[in-house]
Amino acid sequence: MKPILRLTSAAALLLTITLWTRAADPLKTKDDSTASSGTTSEPSLRKPGFVFMELGTTHVEDYLSFFESVGQFRPMSRQPGYIQARSELAEITFIDPKFWSGGHPFSGKLKGSDQGLGIEIGIVVTNLDQAYAAALKWKDKGWPVATGIVRRPWGVRDFRVLAPDGYYLRFTEGR
């Protein structure tokens, strides 16, 4: 029963974040292909069924650097305390909680390093061994590898990292 409750809580949180960010994304335009700077970016990934994440952190630049080196994400929009990054198939926004509006569900609830606990985020990478080698370089910067590369009973290999704000990141190879 507990694993179902954890999955349900995580799914509900992701859905809440997705719905909130779709309504309040300061960079989203009518066609979602032009950033606030007025420059045209790549074609939008945001189509029905697309899932994206917004992670609250006081370490916005560190999160971008980590996801660039381990997950092959690249910044696509940058404002003070707010960075949107994209990989080939996903978008992640890193936002400093001091920029959340008063009506945001998490506003005023930043408790420190455990805010992300209970949230596991899976990211498929092209080369798991290369991603793992990159992740190991972040250990002394507060990004400990929680589990090394392991072949799971369902057939894929993965490793897990605990982010400074408590997010549990699973990097996995495709099937």
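Biologist: Are Phe67 and Phe73 buried or exposed?
Modeller: Phe67 is buried, and Phe73 is buried too, where buried means under 20% relative accessible area, exposed means over 50% and partly exposed lies in between, with a 1.4 Å probe and protein chains only. This is a predicted model, in which local features need pLDDT of at least 70 and side-chain atom pairs count only at pLDDT 80 or more, while totals for chains, interfaces and linings use all residues. Residues are numbered from 1 along each chain as its sequence is written, and side-chain values use heavy atoms, leaving out hydrogens and water.

Biologist: How many aromatic pairs does the structure hold?
Modeller: There are 13 aromatic pairs, counting rings of Phe, Tyr and Trp (its six-membered ring) whose centres lie within 6.5 Å, with planes under 30 degrees apart called stacked, over 60 edge-to-face and the rest tilted. The rings of Tyr63 and Tyr167 have centres 6.3 Å apart and planes at 90°, so this pair is edge-to-face.

Biologist: And what about Phe67 and Phe73, how are their rings placed?
Modeller: Phe67 and Phe73 also form an edge-to-face pair, with 5.8 Å from centre to centre and 85° between the planes.

Biologist: Changing topic, which residues is Arg74 in contact with, leaving aside its neighbours within four places in sequence?
Modeller: With those neighbours left aside, Arg74 is in contact (heavy atoms within 4.5 Å) with Glu68, Gln84, Ala85 and Arg86. Arg74 and Ala85 are 11 residues apart in sequence, yet 5.1 Å apart in space, C-alpha to C-alpha.

Biologist: Why does Arg74 count as partly exposed?
Modeller: Arg74 counts as partly exposed because its relative accessibility is 47%.
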